[in-house]
Amino acid sequence: MFYNFGMTTKEINSFTHFDNNVISYLTGIVGQNNIITDSEGIYAYSFDCAHIPFNKQYPKVVVFPQNTQQVSDILKFANKKRIPVIPRGAATNHAGGCNPVKGGIILHFSKMNNILEINNQDLTCKVQPGVVVGDLQSALKAIGLFFPPDPSNLAVSTIGGGIALSSGGPRAFKYGTFKDYVLDLEVVMADGSIIRTGAPTVKNVTGYNLTQLMVGSEGTLGIVTEATLRLIPAPETSNVMLVYFETIENAVDAVSGIINNHLTPSVIDLIDKKTVQTIENFYPTGLLCDKDAVLLIEIDGDTASVKAQEQKIIKICNEYGAKQIDCAQDEMQKQKIWTARRSAFGACAQLAPNVITEDVVVPRSKISELSKGILDISRKYNLITMVMGHIGDGNIHPNFALDLRDIKQKRNFEKAKEELFKLSVSLGGTLSGEHGIGCQKANFLPLALDKTTLQLMIQIKKVFDPNYILNPEKML
Ligand SMILES: Cc1cc2nc3c(=O)[nH]c(=O)nc-3n(C[C@H](O)[C@H](O)[C@H](O)COP(=O)(O)OP(=O)(O)OC[C@H]3O[C@@H](n4cnc5c(N)ncnc54)[C@H](O)[C@@H]3O)c2cc1C
């Protein structure tokens, strides 16, 4: 059950009310070429990467604003008419975060995709929400700067989506996630007013930290129309290696060994045997397919430091029983390894009509228990599961390959999912490390949050969005 925020059924049902005047009004704001109302277009925007019909509804209209004022005008209107507004980047989130579960207006940011400024002195940049993460990283790399968050689909995912989910990626172990790089946001509130949440400064303790409240709020508190991000100097060089172990426990112990030796690789990812086999079938690169676990380790820094780190890590991994260590010898091998890693989701998608990527996080010391528990749960419910994740952060992504049209499989998956969340919480972890809650996990929040905390969150939502128009039924 979703919280109804004290609204009557009549009020909630009034969300579906829509007429042609609405379309004319929105066309007046964004122009004829920036609006979709035909049924094929509407269908295409009725789901996101989670691809699960949560309370299946279609948006009534998709609009492509080109500036903040247009977003403000749309929200003023939608708020007055009580029409839901669902912000959308590349729609690659796994949690049903862009699902128009109450119909309404999809606000698509692909036409607000400019890098407005890169400030070499202050080490900041100002961007619109539709900028693709990979495009920003390329523009920065060309001038020796670095924005580290790297969701594995950075070739398509957007800054707006990354901020709304506080996305991470493999490099989070050393560099953190989106939340660590957002200094200031321009946000359009539910009533159309435009605010700034922070300042373009690295330090700021001026009032409540609204910037961090917005980060990870999944479009439920306001719409991000501009972001000032913190940058760092790009590391001089990097290298990547694959280290194979007979068991997941051996791999986890080796990770502790690396960290206890005061080494901080930029990436420590775990890929299990089933995932390696699936990647190798899909994108053959010569990965070793008969070991239970492989660590993908990336180190960065200046050339001498990378060499030294590499030698130390090889020594430690051998002490922990590594069966094979493959270090990339040149840029091409590096890219090959990364492409294989980033192909994992696509590869899993070959196995069944649906792939559901879960996202749980535990203290790093509990990774072995979590991984073992995931495989036990999968066996119990007869599910094909591939385990991978950012082991350095305690963040695991089991990929479940299944056919959701099969009622029994679907039911089994639902049971497995609940057990997975309970397991994560029982190990001191929580429901999401980087993919967010969306509508997929909203029902499970009480597992991880106490009643008072949940009530406080509901009150915050009411203050920011009293008419409940912003991305309804997400998160709470
Ligand atoms: C193959 C694959 C690999 C992935 N790898 C990773 C990974 O390594 N790490 C990781 O963290 N995630 C990963 N993801 C999940 C997801 O892609 C990322 O979280 C990504 O940052 C989402 O960006 P998007 O542009 O697709 O956002 P969307 O899916 O479009 O939106 C995400 C959320 O943000 C909200 N939103 C979008 N724009 C705005 C805005 N302007 N203002 C307010 N709210 C907004 C939406 O309503 C929604 O709730 C992966 C996904 C795929 C498919």
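Helices (H or I, at least four residues) and strands (E, at least two) are DSSP runs, numbered from the N terminus. Axes are lines fitted to C-alpha atoms, for helices over the stretch in contact, and angles run from 0 to 180 degrees between N-to-C directions. The model is predicted, so that local features need pLDDT of at least 70 and side-chain atom pairs count only at pLDDT 80 or more, while totals for chains, interfaces and linings use all residues. Residues are numbered from 1 along each chain as its sequence is written, and side-chain values use heavy atoms, with hydrogens and water left out.

**Helix 2 and helix 4**

- Helix 2 (residues 20-30) packs with helix 4 (residues 68-81) at an angle of about 160°, and their axes are 9 Å apart.
- The two helices are therefore roughly antiparallel to each other (angles under 35 degrees count as roughly parallel, over 145 as roughly antiparallel, 65 to 115 as roughly perpendicular and the rest as oblique).
- Contact means heavy atoms within 4.5 Å; Val-22, Tyr-25, Leu-26, Ile-29 and Val-30 of helix 2 meet Gln-70, Asp-73, Ile-74 and Phe-77 of helix 4.
- By class, this contact of helix 2 with helix 4 has seven nonpolar, one polar and one charged residues (Ala, Val, Leu, Ile, Met, Phe, Trp, Tyr, Cys and Pro count as nonpolar, Asp, Glu, Lys and Arg as charged, and the others, Gly among them, as polar).

**Helix 14 and helix 15**

- Helix 14 (residues 367-380) and helix 15 pack at an angle of about 160°, with axes 10 Å apart.
- That angle makes helix 14 roughly antiparallel to helix 15.
- Leu-370, Gly-373, Ile-374, Ile-377 and Lys-380 in helix 14 meet Ala-416, Glu-419, Leu-420, Leu-423 and Ser-424 in helix 15.
- The residues of this contact of helix 14 with helix 15 divide into six nonpolar, two polar and two charged.

**Helix 9 and helix 11**

- Helix 9 (residues 248-260) packs with helix 11 (residues 303-319) at an angle of about 140°, their axes being 9 Å apart.
- Helix 9 is therefore oblique to helix 11.
- Ala-254, Gly-257 and Ile-258 in helix 9 meet Ile-313, Ile-316 and Cys-317 in helix 11.
- The contact of helix 9 with helix 11 comprises five nonpolar, one polar and no charged residues.

- Buried means under 20% relative accessible area, exposed over 50%, partly exposed in between (1.4 Å probe, protein chains only).
- In helix 5 (residues 133-141), the buried residues are Val-133, Gly-134, Leu-136, Gln-137 and Leu-140.
- They cover an arc of only 160° around the axis, which puts them on the same side of helix 5; the arc is that of the directions from the helix axis to the C-beta atoms.
- In helix 10 (residues 273-282), Thr-275, Val-276, Thr-278, Ile-279 and Glu-280 are buried.

**Individual residues**

- His-435 lies in the loop between helix 15 (407-426) and helix 16 (445-448), and is buried at a relative accessible area of 15%.
- Leaving aside neighbours within four places in sequence, the contacts of His-435 include His-94, Glu-358 and His-397.
- Asn-471, in the segment after helix 17 (451-464), has a positive phi of about 40° although it is not a glycine.
- At 2% relative accessibility, Asn-471 counts as buried.
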